[in-house]
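Dear colleague,

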Amino acid sequence: MTTATTRLADYRPYPFQIPNIELDVVVEEQHIAISSSMQIEPALTTKVPLVLQGLNLELDSIVINGSSVPTDAYSLSSSELVLHQPPIHPFELKIICRIDPFNNTSLEGLYSSESMLTSQCEAEGFRRICFHPDRPDVLSRYRVRIEADRTRYPVLLSNGNLVSKGSLAKDPMRHEAIWDDPYPKPAYLFALVAGALQEVQAHFKTTSGRSVLLRLHVENGDETYTSHALDSLKKAMAWDEKVYGLEYDLDEYNIVAVRHFNMGAMENKSLNIFNSKLVLADSECATDGELERIESVVAHEYFHNWTGNRITCRDWFQLSLKEGLTVFRDQSFTADLHSKAVKRIEDVSMLRNTQFREDSGPTSHPVKPSEYKAIDNFYTTTIYEKGAELIRMLHTLLGQQRFMAGMALYVQRFDGTAATTEDFIHSIAEGACANGEQLGFDLDQFQRWYHQSGTPQVCVKRHWDSQGGTLTLEVSQFTPPTPGQPSKAPLVIPMALAVIGPNGRIGEEKLVVLDQDTQSVSLRDLPRQAKPPALSIFRRFSAPITLQMDVSVDESLQLLALDDDPVARWEAGQRLWRKILLARARKQADKPLEERLALALNQLITSGGESDPSFLAMLFGMPGLAELEAAQDVADPLMLYQVYQSLKSWLGVKLSDPLKNLLERSRLNWGAQWPAGQGERMLTGLTWSWLAAAGDCEVRKEAVEAVNGPSMSLARAALRALQPIECTERDEALKSFYERWQDRPVILDTWFALEASTPRSDGLERIKQLLDHPRFDPMAPNSIRAVLGGFASNPPVFHAIDGSGYKFMAEQLIAIDQRNPITASRMVKVFSRWQTYAPSRKEAMHRAIDQLASAELSANTREVVTLMQPKH
């Protein structure tokens, strides 16, 4: 199947405006009848065809200004409806069609999720509901009437404010609800939900004094797990008013929890649809990390009300305009509510282990792509997380006050429109310079970040003048070739740096703008001494780059102990962890370095100088496997996995007494209500992991007991500690967890993931059994990701040298692609790094890719597989 390529260079405005749409949605037993009445205004004075998109729609009738349209006046294909000569003056177009949501397994458009009807229209799902341009630059005001059986679908929801609801006079067993959204929005933000749902209410009073009704809709029995999500929503609304001056603009705000959902959540105007996993939570059924994640995602979707809904994207090439900006906003929200240092470290770690990996592989693409075949394939960490880093760099370069002035201008200028990344960048720059200040960097050059793919490498060489007290840095930047981009121009890179002496930071922090291939930076008036001071560089991870700089062990240990930037301090520790783990992977263990790091860790535990237990846990955290794979000349995931376990075991023995003391201190706050106590629970999980690996039977027993305790954070930490160890406690803990949560699908997915990622000699057979398990839901993306995602993160099984893991994964993805292309196309990227492995593993993975390529695949999955195949 050949799929057309959509190119940014080919963008043309839609030749018609549709200021108003009225939808009449009638839910019947076997189908849904949808009548769409569109007020259409030609934007051109010449006649052009009216092209509307439509997929799996059964057309009943077309009427223009009250008159039926003859069949020879239009053409209908499997994907388009074309009116050949529509009127050149404003007219009303009414189209009636039928859809079958009950057999729609794609989870796009309108579909059935158990007993509920729900929608997902981003990116191009509205065309599965009715004929429409289905492009983000066509903004309309929607009025929606929903009619359905009162018993089966007692709750009827859509965007905007509820105008009226009630039984039908002609049939009291049926009822209707009418919703009106006064703000123009693109079709991808349309939402509709119908089902037997329970409602939990709250209220929020805005700065201007309006009372907003907050309603969270869940399945029967889940009401008790909604308070955290509602509290998170109120925090987000208050924060956006305080920080950005943005107030919510409607009378009510609805959230619906849906189990069968491809995404985490969707920001449809005033009717957010959430994956149940990101709504239903308390400390007994969700970990500290999951509670924070829910808080963040609820905030993210709320923040979209302005950065995504009120100002939307002109076209899908601008996707990061809304997503990168809103990720930056939700990251800032979490940092303000909790620990700025810990949040930044978490984000940097995620970037390195996912986005950097994507940036260096065959599916690498710019933050603003120039073309695509399936837009769903561009909902990636590059669009979201790297896009957020570009916003963060602007914030770093301009400072808080000037950045916020630019944001205010952007909102004022583009409210109610479909904008571009250029609109945003120029608004930020203009607002920042409103008082006559200079920008301080080249704006056009900065925008290369949007168009160049790949992770820049910054190389720093140091020269120390001990007599003059001057440290000179010779800095060069280089972005490696990526698919379609063999050569790259220099970028604007903000480099925050400081020098650290034996007593801490010396002088002020300096922000240097790198914008040349090579340039020189001098730090003067430093203490005259034989050795150069330690250099704290790219503080707060001021740019998404990889750094190449010779750093001695002594310097890293000094920074780990004394740097006043927590992120740079953490990075010093990460350098040491990487050095130790990679040396072990080469079978050249650096025992002196390991002893020195163990001593440093012991001092961190016993000194009590680190007051934030969450940050202390971060300092003890080892780099991710993906990050280490990228640092190897030939990636060896199985060896790295074994090295991890051996190092944990060694540390558990080496630091046994201080770790047990740390565990005792941490126990004091086990029962503290989130967010209190989360650092102690993180440290508990870490100490359990190291001590259990070292063979501590008492710790293993305590971990089993925690699985049945009141804290999900401790239960999951216990399971993770036992998971790599072949012992009776592991089997007992997994069995207990299953028996306790087998009737809660959202939590049971965790058990599926743990079982799938547990290393066992019969691991592949276990995976097959999980897929046949009576409680496995093959239609739920969460369940699929739990088993196959857990399988992919199980190196001994997935990376089996005979290729059996790769072959089995390919077979499963081919089957999934038949019913849910979006889930399949995202998961198929587990093969994207195949060329980095040793020949035998590389060849086996390549065979699996060929296996995929020879199958009948969706356009989504075909595009990803084609990118991964070698170019001849």
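In which loop is Asp 525 found? In this predicted model, Asp 525 is found in the loop between β29 (518–523) and β30 (534–537). The phi angle of Asp 525 is near 60 degrees, which is a positive value in a residue other than glycine, and with a relative accessibility of 72% Asp 525 counts as exposed, because the cut-off for exposed is over 50%.

Phe 538 may be read alongside it: Phe 538 has its place in the loop between β30 and β31 (546–548), and its phi is near 55 degrees, again a positive value in a residue other than glycine. Phe 538, however, counts as buried at 7% relative accessibility, whereas Asp 525 counts as exposed.

Two peptide bonds also deserve a look. The bond from Glu 122 to Ala 123 is cis, with omega near 10 degrees, and Ala 123 is found in the loop between β11 (116–120) and β12 (140–149). The bond from Trp 674 to Pro 675 is likewise cis, with omega near 10 degrees, and Pro 675 lies in the loop between α16 (656–667) and α17.

Turning to the chain as a whole, the protein chain has 28 helices and 31 strands. Its radius of gyration is 28 Å, close to the 29 Å that the globule rule gives for 872 residues, so the chain is as compact as a globular protein of that length. The C-alpha trace spans about 90 × 65 × 65 Å along its principal axes, and buried residues make up 60% of the 872 residues. Of the contacts between residues at least 6 apart in sequence, 71% join residues at least 24 apart. The chain exposes about 33,900 Å², of which carbon and sulfur atoms supply 50%, and the mean positions of its 91 positive and 111 negative charges are 3 Å apart.

Among the helices, α19 (residues 712–722) is mostly covered, since 10 of its 11 residues are buried. The buried residues of α19, including Met 712, Leu 714, Arg 716 and Leu 719, belong to a set that packs against α2 (288–303), α17 (678–693), α18 (697–707), α20 (728–741) and α21 (745–757). At the start of α19, a side-chain oxygen of Ser 711 comes to within 3.3 Å of the backbone nitrogen of Ser 713.

With best regards

Methods:
Residues are numbered from 1 along each chain as its sequence is written. This is a predicted model: local features need pLDDT of at least 70, side-chain atom pairs count only at pLDDT 80 or more; totals for chains, interfaces and linings use all residues. Side-chain values use heavy atoms; hydrogens and water are left out. Helices (H or I, at least four residues) and strands (E, at least two) are DSSP runs, numbered from the N terminus. The radius of gyration is taken over C-alpha atoms; the globule rule is 2.2 Å times the number of residues to the power 0.38. Buried means under 20% relative accessible area, exposed over 50%, partly exposed in between (1.4 Å probe, protein chains only). Contact means heavy atoms within 4.5 Å. Accessible areas come from the Shrake-Rupley method with a 1.4 Å probe; for residues, only the protein chains shown count as cover. Lys and Arg count as positive and Asp and Glu as negative; His and the chain ends are not counted. The place of a charge is taken as NZ of Lys, CZ of Arg, CG of Asp or CD of Glu. A polar contact is a pair of N or O atoms within 3.5 Å; within protein, one must be able to donate a hydrogen and the other to accept it, and residues adjacent in sequence count only if both atoms are side-chain atoms.
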